[in-house]
Amino acid sequence: MIKRFKGISIIFLIILMVSAISIGCQTEDNNDTDENNDIETEDNNMNDEDINENMNDEDATDPNNNDEGMTDQDQNMDIDNDALANSIVEMDGINDATVVTMDEVALVGIDINGEENISDDMKQEIETKIKEEDSNINEVYVSNEPDLFERINTISNDVRGGNPIEDFSDDIAEIIDRITPGNK
């Protein structure tokens with residue numbers, strides 16, 4: 001009977017050890033997975049913190065901010081262009097305006113009240129207003145042609161959407177050539 005008890009005990013111990021080893025291995029695998037998940041979470045948290053540290057307070061608090069990929073210069077230009085366009089719309093006889101600035105040049109597209117041609121006085125007034133509001137601007141090109149207004153507006157919207165202004169250098173040069181055909 002004692003031999004039977006020893007045999008059953010040995011079998012029981014072997015089953016218990018195999019079970020313990022199996023469970024131990026599973027727990028170890030799960031711990032590795034959990035540790036990997038913890039590491040990923042820590043890395044993700046660190047990346048979020050790094051991103052938030054690089055954002056200014058306005059960006060961090062504005063849930064509608066869609067300026068991904070834009071440089072600070074592009075973002076400031078976007079704000080300045082909108083401000084410039086708004087100041088032009090405040091002038092008598094102008095229904096709508098759009099502005100694009102690049103380096104020291106401003107392109108201005110305007111929609112004027114029922115007139116086909118823009119007067120030299122109005123062009124001069126717009127140029128003066130732009131230069132007063134942005135001291136970096138040396139050249140101002142103004143057009144009231146509807147197709148040029150749309151092209152300037154499209155460039156403005158694309159820059160606002162995150163495209164660098166440099167991508168539109170050729171378009172801007174072509175628009176300037178159309179506004180001032182005699183100066184080629």
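Buried means a relative accessible area under 20%, exposed means over 50%, and partly exposed lies in between (1.4 Å probe, protein chains only). The model is predicted: local features need pLDDT of at least 70, side-chain atom pairs count only at pLDDT 80 or more, and totals for chains, interfaces and linings use all residues. Residues are numbered from 1 along each chain as its sequence is written, and side-chain values use heavy atoms, with hydrogens and water left out.

**Exercise 1. Identify the nonpolar cores and the elements that supply the largest one.**

Solution. 

Step 1. A nonpolar core is a set of buried Ala, Val, Leu, Ile, Met, Phe, Trp, Tyr and Cys residues joined through side-chain atoms within 4.5 Å. In soluble globular proteins, nonpolar side chains tend to be buried together.

Step 2. The largest core comprises 18 residues, and those with the most contacts inside it are Ile88, Ile94, Val108, Ile110, Ile126 and Ile130. Two or more residues each are given to this core by α3 (72–89), β1, β2, α4 and β3. Strand β2 supplies the largest share, 4 residues.

Step 3. Contact means heavy atoms within 4.5 Å. Leaving aside residues up to four places away in sequence, Ile94 touches Ile88, Val89, Ile110, Asp111, Ile112, Asn113, Met122 and Ile126.

Step 4. A second, separate core has 14 residues, including Tyr141, Ile155, Ile176 and Ile179.

**Exercise 2. Locate salt bridges within and between helices, and state how accessible their residues are.**

Solution. 

Step 1. A salt bridge is a side-chain nitrogen of Lys or Arg within 4 Å of a carboxyl oxygen of Asp or Glu. The structure holds 6 salt bridges.

Step 2. Lys131 and Glu127 form one of them, at 2.9 Å from N to O. These two residues are 4 residues apart in helix α4 (residues 120–133), so about one helical turn separates them. Lys131 is partly exposed at 31% relative accessibility, and Glu127 is partly exposed at 22%.

Step 3. Arg178 forms a salt bridge with Asp147, with the closest N and O atoms 2.7 Å apart. This pair links distant parts of the chain, 31 residues apart: Arg178 lies in helix α6 (residues 169–179) and Asp147 in helix α5 (residues 146–160). Arg178 is partly exposed, with a relative accessible area of 35%; Asp147 is also partly exposed, at 36%. A network of salt bridges links Glu145, Asp147 and Arg178.

Step 4. Asp171 and Arg151 meet through their side chains in a salt bridge of 3.9 Å, N to O. Because Asp171 lies in helix α6 and Arg151 in helix α5, this pair ties together parts that are 20 residues apart in sequence. Asp171 counts as partly exposed at 30% relative accessibility, as does Arg151 at 24%.
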